[in-house]
Amino acid sequence: METKIPCRQLFIDGKWVEPITKRRIPVINPATEQTIGLIPAATGEDVELAVDAARRAFARNKGADWAKAPGAVRAKYLRAIAAKITERKTELAKLEALDCGKPLDEAAWDIDDVASCFEYFADHAEALDAQQKAPLSLPMETFKCHILKEPVGVVGLITPWNYPLLMATWKVAPALAAGCTAILKPSELASVTCLELADVCIEVGLPPGVLNILTGLGSEAGAPLSSHPHVDKIAFTGSTVTGSKIMTAAAQLVKPVSLELGGKSPILVFEDVDLDKAAEWTAFGCFWTNGQICSATSRLLVHESIAAEFLDKLVKWTKNIKISDPFEEGCRLGPVVSREQYEKILKLVSTAKSEGATILCGGGRPQHLKMGFYIEPTIISDVTTSMQIWREEVFGPVLCVKTFSSEDEAIELANDTQYGLAGAVISNDLERCERVSKALNAGIVWINCSQPCFCQAPWGGNKRSGFGRELGPRYVLISLDQKCKVDRFKIFLEQGLSVTKSLKHPFTSQPRI
């Protein structure tokens with residue numbers, strides 16, 4: 001049966017709300033280039049309504065209904081959302097594949113991860129109750145101190161189009177677990193499943209205003225959300241250029257931000273590897289999710305002694321990747337998300353060729369697919385470190401290759417980038433793997449694999465790949481303020497001494513607040 005895009009409105013204060021301007025944005029199926037639906041286009045006026053709703057939800061009943069409720073209360077809602085996501089897995093996976101071009105199998109795995117992520121942060125919401133008022137040891141017995149963990153407040157969550165519902169969940173689940181209220185602004189290129197998350201919230205009875213979802217253009221909805229004075233924090237995943245703009249807007253209000261931005265991650269293949277296994281991981285690390293992964297290991301560094309044989313195997317692996325409509329059985333690579341992205345990738349490949357690089361395979365549209373934004377998985381050799389294809393994020397199925405002769409040279413080439421999101425080391429020498437992984441300037445390093453991600457492990461980058469970490473047990477804390485409270489014992493008050501007189505070093509001995 002044909003899957004249809006539901007007709008939704010903005011989700012504000014627990015209700016479907018038509019945009020103030022009544023405008024809508026077409027949903028384009030990247031596999032057919034056809035318009036298959038419409039999503040609402042929020043603007044600054046809608047942002048105002050959503051922020052007001054989130055602030056009311058945060059303060060309702062002096063916070064007792066959500067922000068200051070026991071973590072177990074919030075966990076109940078997160079688990080209910082997880083159960084509904086699982087119940088609607090088939091439908092959500094089909095919508096995801098239609099909307100962003102992801103192979104249906106991959107989309108289904110993503111929906112499993114969405115449910116798991118809500119479950120994981122439900123556990124952490126419950127764990128917060130036991131962590132409250134944790135005592136802190138002080139150097140003077142006449143004082144006592146404890147830590148109180150409180151939600152930051154209203155958070156703005158701006159998410160990308162490559163993992164539409166999963167990336168939204170990475171931000172929504174920990175924010176709600178911590179007791180924040182939120183406004184989610186997904187990418188206008190893939191918002192359909194995020195609007196279905198709103199429908200799930202209605203089904204489970206999430207209190208009004210706790211989560212608000214605004215679809216629309218970045219300039220019209222994302223920008224006013226980022227600069228809004230009543231939004232207490234922004235969390236963003238997307239391009240480095242947009243991240244810089246968001247950081248600039250937030251800085252005017254001294255507003256905290258966390259940024260997960262671009263990448264140009266290396267994969268280092270040493271001479272002692274199993275060539276077939278290494279080739280498989282190299283292909284997977286770059287071409288998974290149609291090559292549209294911020295952490296894609298898209299710069300291959302291979303030891304010169306095995307380069308020719310390894311590249312021969314890698315090209316064979318790559319040519320065996322099934323490129324087709326995302327709904328076709330066995331599809332492993334679908335279309336990129338939009339015409340703009342399609343043209344950008346082909347231009348980068350063309351520029352590399354004109355600069356003297358060699359296209360080992362791919363580089364254009366698959367001959368059997370006349371419509372859709374399809375690009376063959378592409379391997380480019382004979383690149384120099386000054387070439388655009390080596391230095392800039394492509395965000396598509398394009399791998400560029402250089403050789404190295406020594407471990408030191410491999411590390412130097414790997415770190416010679418403005419980005420620092422991820423890296424991978426492939427070698428049978430585990431001591432070397434440990435040594436090289438420590439030397440890579442990246443937030444995430446894989447050993448003898450590429451791209452595995454678990455919600456239990458922190459995720460984030462260095463340099464222009466952003467700052468802050470998502471996932472893992474500490475990500476709930478990113479949505480919390482930690483307030484340090486210091487009290488003097490009654491016996492100390494009876495002594496009638498001032499604080500200044502009783503401390504030898506009144507400023508250096510105080511706890512940091």
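## Rings, cores and a sheet

Reader: Let's start with W170. Is it buried or exposed?

Author: This is a predicted model, so what follows is computed from its atoms. The relative accessibility of W170 is 6%. Buried means under 20%, so W170 counts as buried.

Reader: Which residue does W170 form an edge-to-face aromatic pair with?

Author: The ring centres of this pair are 5.6 Å apart, and the planes make 65 degrees. Over 60 counts as edge-to-face. The partner of W170 is W459.

Reader: How many residues apart are W170 and W459, and where do they sit?

Author: W170 belongs to helix 5 (residues 164–178), while W459 is in the loop between strand 19 and strand 20 (462–463). W459 is buried too, at 7% relative accessibility. The pair links distant parts of the chain, and the separation is 289 residues.

Reader: What about Y342 and F373: how are their rings arranged?

Author: Y342 is in helix 11 (residues 339–354) and F373 is in the loop between strand 14 and strand 15, so their pair ties together parts 31 residues apart in sequence. Y342 counts as buried at 10% relative accessibility, and F373 is buried at 4%. Their centres are 6.2 Å apart with the planes at 45 degrees, so the pair is tilted.

Reader: Which residues touch the most other members of the largest nonpolar core?

Author: That core has 105 residues, and helix 4 (residues 104–131) gives the most to it, with eleven.

Reader: How many residues does the second, separate core have?

Author: Its members include V349, I389, V425 and C433. The size of this second core is 29 residues.

Reader: In what order do the strands of the seven-stranded open sheet run?

Author: The edges are strand 14 (358–361) and strand 19 (444–447), each pairing on one side only. From one strand to the next, the twist averages 25 degrees. The pairing is mixed, and the order is 14-15-16-13-12-18-19.

Reader: Which residue stands opposite I380 in strand 16?

Author: Strand 15 (residues 378–381) pairs with strand 16 (residues 398–404) in the parallel sense, over three bridges. Helix 13 (residues 407–415) lies across strand 16, as well as strand 12 (266–269) and strand 13 (299–303), and runs at about 145 degrees to strand 16. The residue opposite I380 is C400.

Reader: How many disulfides are there?

Author: A disulfide needs two cysteine sulfur atoms within 2.5 Å. For C286, which is buried at 0% relative accessible area, the nearest cysteine sulfur is that of C400, 7.9 Å away. For C361, buried at 6%, the nearest is that of C286, 10 Å away. The count of disulfides is zero.

Reader: How far apart in space are G263 and R8?

Author: G263 lies in the loop between strand 11 (257–260) and strand 12, and it counts as buried at 4% relative accessibility. In sequence, G263 and R8 are 255 residues apart. C-alpha to C-alpha, the distance is 33 Å.

Key:
Residues numbered from 1 in each chain as written. Predicted model: local features only at pLDDT ≥ 70, side-chain atom pairs only at ≥ 80, totals over all residues. Heavy atoms only, no water. Pairing = 2+ DSSP bridges. Helix = DSSP H or I, 4+ residues; strand = E, 2+ residues; numbered from the N terminus. Axes fitted to C-alpha atoms, helices over the stretch in contact; angles between N-to-C directions. Contact = heavy atoms within 4.5 Å. Buried < 20%, exposed > 50% of the residue type's maximum accessible area, 1.4 Å probe, protein only. Core = buried A, V, L, I, M, F, W, Y, C linked by side-chain atoms within 4.5 Å. Phe/Tyr/Trp six-rings, centres within 6.5 Å; stacked < 30°, edge-to-face > 60°.
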